[in-house]
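Dear colleague,

Here is the structure for your files. My notes follow below it.

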Amino acid sequence: MEQLHFGVDYYPEHWERARWAKDADLMRDMGIQMVRMAEFSWHKLQPREDVFDFGWLDEAIELLGRKGIYTIVGTPTAAPPAWMVHKHPDILPMDREGRVRGFGGRHHDCQSNPTYRSYIRKLVTKMAEHYGQNPYVIGWQPDNELGNSHQELCTCASCRQHFQAWLRRKYQTTEELNRAWGTAFWSQEYNDFAEVTAPRITVTGENPSAMLDWKRFCSDLIVDFTREQVEIIRKYAKNQFITHNYMGFADKVDYYKLGELLDFVSHDQYPGGFYLPKTPHESNHILAATLDVVRSYKNQPFWIIEQQSGITGWEIMGRAPAPGQLSLWAMQSIAHGADAVVFFRWRTCAMGTEQYWHGILPHSGNPGRRYEELQDFIHEVNPLMELLHGSMPQVQVGIVFSFEQEYAFQIQPHHRDLSYTGQVQKYYRALCERNVPADFVPEHGDFSKYKLLLAPLQYIMSPELEQKYLDFVRQGGHLLLTMRTGVKDKTNLCMTERELPGRLSEAAGVEVLDYDCLRDTQVKVRFGEEEFAANIWSDLLRLWPGTEILANYASEFYAGEPCITAHPYGEGICYYVGTEPGEALMDRLLAQICDTAGVRPILPPVADVECTVRQNDRARFLFVLNHAGEPRSYQTPEHYRLLKGQQAGKLQPYETQVLTMEI
Ligand code: GLA
Ligand code: ZN
């Protein structure tokens with residue numbers, strides 16, 4: 001079968017049967033090659049406990065298939081039906097205040113509930129048996145946005161029991177549990193695993209070690225929930241793929257672990273989401289980072305399975321994408337490694353929660369400007385997708401990104417304005433605006449392919465990870481470490497054996513003797529001849545012989561003390577940054593560090609213009625994307641020829657140019 005590159009999310013069950021053929025014709029004329037269907041239609045597929053009805057979905061799959069449009073089937077387990085909840089109210093989730101969340105939204109379920117699991121096994125088995133060999137069905141999406149809609153996850157009696165079993169497996173004895181959780185504090189010792197609760201709100205304070213295990217457990221539960229469905233589907237659907245729609249940096253499930261179950265990762269990309277705090281222009285580096293982290297979860301090209309196709313909104317709405325912006329955003333996904341783009345959704349829904357989350361077609365179903373724009377876009381870009389398929393960026397910089405660190409900082413953020421993911425994105429921004437491409441890399445990943453590794457806030461540390469960082473630098477890598485490195489062990493207890501950053505002092509050539517949390521203030525930092533602002537934190541450092549000072553504090557009682565350092569170790573260099581550099585300082589610092597590491601920008605930076613590269617063994621593709629609503633120019637590189645665009649170097653508002661060279 002040829003590769004498929006463009007699709008839409010389609011909900012035929014929301015519309016009259018008589019309309020389906022027209023939808024299929026419009027899709028085909030537009031260049032749509034696939035749809036995703038059924039991920040919320042449990043009641044339509046199983047209207048009563050003992051009645052299954054796949055007839056309507058069979059018909060839709062067949063009708064579309066005959067017009068050359070393939071189907072990805074979603075399992076509808078994000079929306080358990082009312083009859084089931086009515087009969088088994090214990091399926092409903094319970095929040096941290098012990099309140100049961102009611103029916104009426106979606107994901108009103110407890111993912112450990114055995115009754116719910118048995119309903120899922122039955123339905124998914126029937127679906128997999130039924131569609132596993134259907135020639136029009138190409139793949140599966142179990143559930144929808146796993147980890148979404150659950151807030152703090154379920155604390156019901158079933159989840160409590162599962163948590164206890166998880167702890168028993170991990171610690172074997174309560175002595176070990178008590179040690180790992182530091183329960184001597186405030187008399188929290190347990191005599192029996194049966195005494196451990198799923199964490200409810202407390203009168204005051206929480207045990208950080210217990211909370212970290214709880215978050216790990218919740219992530220594992222979601223992976224286990226998914227595994228059950230994946231195993232059933234794989235049994236019957238030998239030649240169909242399994243993917244899942246991720247949400248970028250969302251934290252509820254460890255996406256690296258979830259990815260091990262999938263053939264490839266997919267993601268939902270809404271650059272103009274009404275919930276985003278900033279305008280698309282200001283948040284562009286976050287959108288770019290989101291796409292890069294999604295590619296990094298399996299370190300391979302990914303799919304966008306929901307790409308914005310109009311105004312977003314539930315009760316309140318975001319801005320209308322300007323002409324050209326929907327295409328630009330789809331190109332941005334492709335530029336970062338998407339091999340296919342599925343637009344959400346086909347037609348704006350007339351009922352339910354998402355009446356204002358706009359599709360390609362408006363409520364009326366009559367094609368308008370969004371249809372025309374995306375039709376032109378697909379016809380132009382589809383041939384390009386053939387060339388790009390499977391290609392990956394050429395990357396020399398890795399940014400370490402880990403869910404455990406995120407969890408630990410959620411539990412103890414230190415400072416009102418500090419978040420782990422936010423910090424990681426601040427380092428990414430400076431690279432992105434400099435046109436230096438980056439991967440995200442898990443702590444268990446391969447560091448050796450990077451010249452430069454940025455590892456902000458490596459707070460939870462293990463002896464193995466310490467050794468990995470030491471080896472990386474010794475063998476010639478350039479490593480950046482920051483404040484709050486090596487503070488905690490894997491159980492979230494503070495390290496006490498030596499000064500921070502523990503054994504990593506050997507590489508960094510510094511020891512942290514004291515620190516200051518910059519509540520309600522910034523600190524001044526002198527770097528070269530200039531003075532900059534820095535935020536959140538100041539580490540007060542003792543330097544080892546041979547450690548070079550790159551920047552000093554220039555205010556507070558530690559004015560004049562070192563703030564940012566560089567230390568040669570083995571064949572490499574280890575940088576230590578004792579604060580959060582403000583944007584200007586971050587730009588200066590990373591420019592210098594990249595230069596020293598021999599990492600060059602793809603092109604000289606231009607405001608609002610983003611550059612990426614994808615490459616395979618035959619050719620290199622350079623993407624230049626203008627996020628501005630006005631023309632921009634850029635310096636065209638030598639040896640490239642224009643593959644998409646009017647005039648190389650001159651960008652129209654929201655235009656993307658693609659240039660290529662053989663290698
Ligand atoms: C998510 C979900 C979709 C839909 C859209 C719009 O990405 O996966 O089902 O709800 O958001 O809200
Ligand atoms: Zn539960």
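The sulfur of C218 lies 7.2 Å from the closest cysteine sulfur, that of C159, which is too far for a bond; a disulfide is taken as a pair of cysteine sulfur atoms within 2.5 Å. C218 counts as buried at 5% relative accessibility (buried means under 20% relative accessible area, exposed over 50%, partly exposed in between, with a 1.4 Å probe and protein chains only). C432 is in no disulfide either, with the nearest cysteine sulfur, in C611, 9.5 Å away. C432 is buried, at a relative accessible area of 16%. The structure holds zero disulfides.

This is a predicted model, in which local features need pLDDT of at least 70 and side-chain atom pairs count only at pLDDT 80 or more, while totals for chains, interfaces and linings use all residues. Residues are numbered from 1 along each chain as its sequence is written, chains are lettered from A and ligands numbered from 1 in the order in which they are written, and side-chain values use heavy atoms, without hydrogens and water.

On to the ligand. The residues around ligand 1 (a heavy atom within 4 Å of it) are F40, R106, N144, E145, N245, D268, Y270, E306, W314, F344, E354 and W357. This shell divides into five nonpolar, two polar and five charged residues (Ala, Val, Leu, Ile, Met, Phe, Trp, Tyr, Cys and Pro count as nonpolar, Asp, Glu, Lys and Arg as charged, the others, Gly among them, as polar).

A polar side-chain atom of E354 is 2.3 Å from an oxygen atom of ligand 1. For E306, the distance from a side-chain N or O atom to a ligand 1 oxygen is 2.5 Å, and for a polar side-chain atom of E145 it is 2.6 Å. The protein covers 95% of the 300 Å² of accessible area that ligand 1 has on its own (Shrake-Rupley method, 1.4 Å probe).

Regards

Definitions and conventions. A polar contact is a pair of N or O atoms within 3.5 Å; within protein, one must be able to donate a hydrogen and the other to accept it, and residues adjacent in sequence count only if both atoms are side-chain atoms.
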